Amino acid sequence: MNTIAKVDIKELAKQYGTPVYVYDKGMIIQNYSTLKKAFAKYYSKTKIHFSVKANSNIKLLSIFKEIGSGADCSSPIELILAEKSGFSQENLLYTGNYESYLDLEQALLSNVTINLDDINSFKRLMKIRLPERISFRINPGIGRGGFEGIVTGGTDAKFGIPYENALEAYKLAKESGVKRFGIHMMTGSNNLEPYYFAEIVDKLMTIAGDIFTKLEIIPEFVDIGGGFGVPYNDNEEPLNVDLTARLVTEMFTEKCNKYGFGEPYLFLEPGRYLIANSGYLISNVTGIKNSYKKFVGIDSGMNTLLRPALYGARHRIEVYDKNENQQIVNICGQICENSDIFSLLQPFPDVEEDDIVVIHDVGAYGYVMASNYNNRLRPPEVIVDGDKHELIRRRENIDDVLRLYEF
Ligand SMILES: Cc1ncc(COP(=O)(O)O)c(C=O)c1O
């Protein structure tokens, strides 16, 4: 692999140094348009809110804003970044969990729609101020994700209100004076099976039907979260987005008709689907070791891209201008942890020190999880648009590290 869009990867490595995160703007726009068109074809009142936790670079957020997306935030700073990127309050959601008073104060101050994680979160919120509209995150009792760590529904999940307790939460909100309602779920990330999405929509709508009929509530929106997956290796098939949209919207409208909900908004909160495959991490080979196994060490590690160490996630890795003499290697970073491994027993071209390697699909949950572990500095971020490229966040430097100390 030698180019990202129309820009030579060696040029990018030379100009910005390595490691460097690079995003392809065209791919982001294409992903958004594919998802938006697929859902709008079947249900026009579908609204997409990009999940800021997947990637919170202000420049990238402002692209989502420009192409018509809303944004879903999970912390006060994410809200502030989204506001700085130009999103207006009616296009912002706040979905936290175990929300503190400070979190809730910021969400109220920003005047955005809040998806509350628990009835006790509502009790805390009430002590500050009662919003006009509220939504609760429901745990529909099932969950599924690409790894155990990204399953967010079901009996082991820390998120949301168990559906058995959901009536009590909405009853309290209504009796306390809330006038307008929505309902939310997010059951897991990186799902590639269209029928799963229909299954969870069925569950959520049945729960909504039961609660809202009893309480005489007509929901203004139903938020089914994100979770739309992407293939991280060549053996996986991409999500069939059109089929997913058709199955979800069919189930949704059938239940809306059954329960007399009219036509509420259908909210989606995708992160990974919209941005994962737009991102590349360009790195340099720093050392090659023939130990009990052969290791290729690069200047990115779990400090730069945590997913492999965190979940055992695997990303495609290619070498600039080399594809010959494949041999089995382990690719690792420079961090003092034995879990600092990008791939085990991977067929890889015969590389030398200073070769450039490119890690794929790092646009979601990449930079946002980067850290200063071992006091390595966070990399810069660059956007590529056709044959142009631009720095959208500079590399950290020693002053950034020292600034936090009192001397
Ligand atoms: C509440 C909520 N919404 C949206 C998302 C985005 O998920 P994904 O990137 O799988 O689309 C997440 C991710 O965990 C989430 O917790």
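1. Salt bridges. A search of the whole structure, which is a predicted model, finds 19 salt bridges. One of them joins Asp 202 and Lys 255, whose closest N and O atoms are 3.1 Å apart.

2. Division into domains. The domain assignment gives two parts, of which domain 1 is written as 3-22 + 276-402 and domain 2 as 25-274. Domain 1 is therefore assigned as two segments of the chain, according to bounds that come from an automatic or database assignment. The centres of domain 1 and domain 2, taken over C-alpha atoms, are separated by 32 Å. In the contact, 23 residues come from domain 1 and 23 residues from domain 2.

3. Area of the interface. The size of an interface is often given as the accessible area lost when the parts come together. For domain 1 and domain 2 this buried area is about 2,000 Å², and 52% of it lies on carbon and sulfur atoms. On the side of domain 1, Tyr 311, Arg 316 and Tyr 365 supply 27% of the area buried against domain 2, more than any other three residues.

4. Polar and charged pairs across the interface. Three salt bridges are found between domain 1 and domain 2. Elsewhere in the list of pairs, Lys 59 forms a salt bridge with Glu 390, and their closest N and O atoms are 3.9 Å apart. The interface of domain 1 and domain 2 also holds nine residue pairs in polar contact, both residues being at pLDDT 80 or more.

5. Composition of the domain 1 side. Which elements each supply at least two residues of the side of domain 1 that touches domain 2? They are α11 (307-311), β19 (381-385) and β20 (388-393). The largest share, four residues, comes from β19. By type, the residues on this side of domain 1 divide into nine nonpolar, six polar and eight charged.

6. Surroundings of the ligand. The ligand is surrounded by 15 residues, and the closest are Ser 189, Gly 227, Glu 269, Arg 272 and Tyr 365. The side chain of Glu 269 has an N or O atom 2.5 Å from a nitrogen atom of the ligand. For Tyr 365, an N or O atom of the side chain is 2.6 Å from an oxygen atom of the ligand. An oxygen atom of the ligand also lies 3.1 Å from an N or O atom in the side chain of Lys 53.

7. Backbone geometry. Most residues other than glycine have a negative phi, and most peptide bonds are trans. The peptide bond from Thr 18 to Pro 19 is cis, with omega near -5 degrees, and Pro 19 is placed in the loop between α1 (9-16) and β3 (20-24). Ala 5, a residue other than glycine, has a positive phi, near 50 degrees; Ala 5 lies in the loop between β1 (3-4) and β2 (7-8).

Notes: Residues are numbered from 1 along each chain as its sequence is written. This is a predicted model: local features need pLDDT of at least 70, side-chain atom pairs count only at pLDDT 80 or more; totals for chains, interfaces and linings use all residues. Side-chain values use heavy atoms; hydrogens and water are left out. Contact means heavy atoms within 4.5 Å. Buried area is the accessible area (1.4 Å probe) that two parts lose on being put together, summed over both. A salt bridge is a side-chain nitrogen of Lys or Arg within 4 Å of a carboxyl oxygen of Asp or Glu. A polar contact is a pair of N or O atoms within 3.5 Å; within protein, one must be able to donate a hydrogen and the other to accept it, and residues adjacent in sequence count only if both atoms are side-chain atoms. Ala, Val, Leu, Ile, Met, Phe, Trp, Tyr, Cys and Pro count as nonpolar, Asp, Glu, Lys and Arg as charged, and the others, Gly among them, as polar. A residue is near a molecule or strand if one of its heavy atoms lies within 4 Å of it.
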